[in-house]
Amino acid sequence: MKLIVTETEHFDRTAAGFVSGYIRMKPDAVLGFATGSTTVGLHRELARMHLEEGLDFSQVYSFNLDEYAGIPWEHPKSCRCRMEEQLFRHVNIRRERIEFLNGAAADPEAECVRFARAIDACGGIDLQVLGIGTNGHIAFNEPGTPFDSRLRVVPLAQQTIGDKSAFFGGEELVPRCGITMGLMDVMRCKRNVLLARGADKADIIRRSLRGPVTVDVPASVLQLHPQLTVILDKAAAAGL
């Protein structure tokens, strides 16, 4: 595990520097992206680097980690819509190289199979960006998720629904299920980078990185990954 701790004001640039460095090293990288409050600044900084520094996305392949179930991609809170707004519409990535899970798919199980086959056709994900929930979830893998879980439809934990309530404009508007890569899918990625910022993440970061590896803290499985980089601001790192 490689741990990088930075000042909060440098967090987004540090994370973007790590991802952009990988793109420059491997221009045809297969990247896995995540959506959430932690990654907004990363995406915007990558867009800035494309516009101002010529960071080239033309050969990059992109897969998104998860999506809310039951909402179309045009929904302003969908992961796909947010990725478009924050990054993809601002860079030169080819549209045919962008893959999302379809939250409105008529057959979600078939959609999971399609997405998994698309990842395999690209040779697997080279670098997966991960956020972490206050209960230790990564993607929509909530506490209790088996470590051998794969792409699937999952119910969201009540804590996650509560955490998302302000974003959706009320708890009653938060989707109750998601479509997500499983923990085994995450562990099969060649490299993972876990991002966390803020004092509210300090306890779960401590439990995830220094506590026992347990399904009660899904992110703790990352301790077993051979190529894990963790980027934290000082507040999130306070418990380490």
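Predicted model: local features only at pLDDT ≥ 70, side-chain atom pairs only at ≥ 80, totals over all residues.
L240 is placed in the segment after β10, and together with L3 and V5 it makes a nonpolar surface patch of about 220 Å².

I93 is found in the loop between α3 (79-86) and β5 (98-99), and with a relative accessible area of 7% it is buried. Leaving aside residues up to four places away in sequence, I93 touches F57, V60, S62, F88 and I98.

The two residues with stated accessibility are set out below.

| Residue | Relative accessible area | Class |
|---|---|---|
| I93 | 7% | buried |

Helix α1 covers residues 11-25, and its 15 residues should span 21 Å at 1.5 Å a residue, which agrees with the 21 Å between its end C-alpha atoms. Which residues of α1 are buried? They are F11, A15, A16, V19, S20, Y22 and I23. Seen down the axis of α1, these buried residues fall within an arc of 155°, so they line one face of the helix. An α-helix has 3.6 residues a turn, so residues three or four places apart point the same way. On the other side of α1, R13 and M25 are exposed, while the cover over the buried residues includes the strands β1 (2-6), β2 (30-33), β6 (127-130), β9 (191-196) and β10 (228-233), as well as helix α2 (40-53).

How values were computed: Residues numbered from 1 in each chain as written. Heavy atoms only, no water. Helix = DSSP H or I, 4+ residues; strand = E, 2+ residues; numbered from the N terminus. Expected span 1.5 Å × (residues − 1). Buried < 20%, exposed > 50% of the residue type's maximum accessible area, 1.4 Å probe, protein only. Arc of directions from axis to C-beta. Contact = heavy atoms within 4.5 Å. Patch = residues over 30% accessible without salt bridge, like charges linked within 9 Å, V, L, I, M, F, W, Y side chains within 5 Å. Areas by Shrake-Rupley, 256 points an atom, 1.4 Å probe, with all protein chains shown as cover. Salt bridge = Lys/Arg side-chain N within 4 Å of Asp/Glu carboxyl O.
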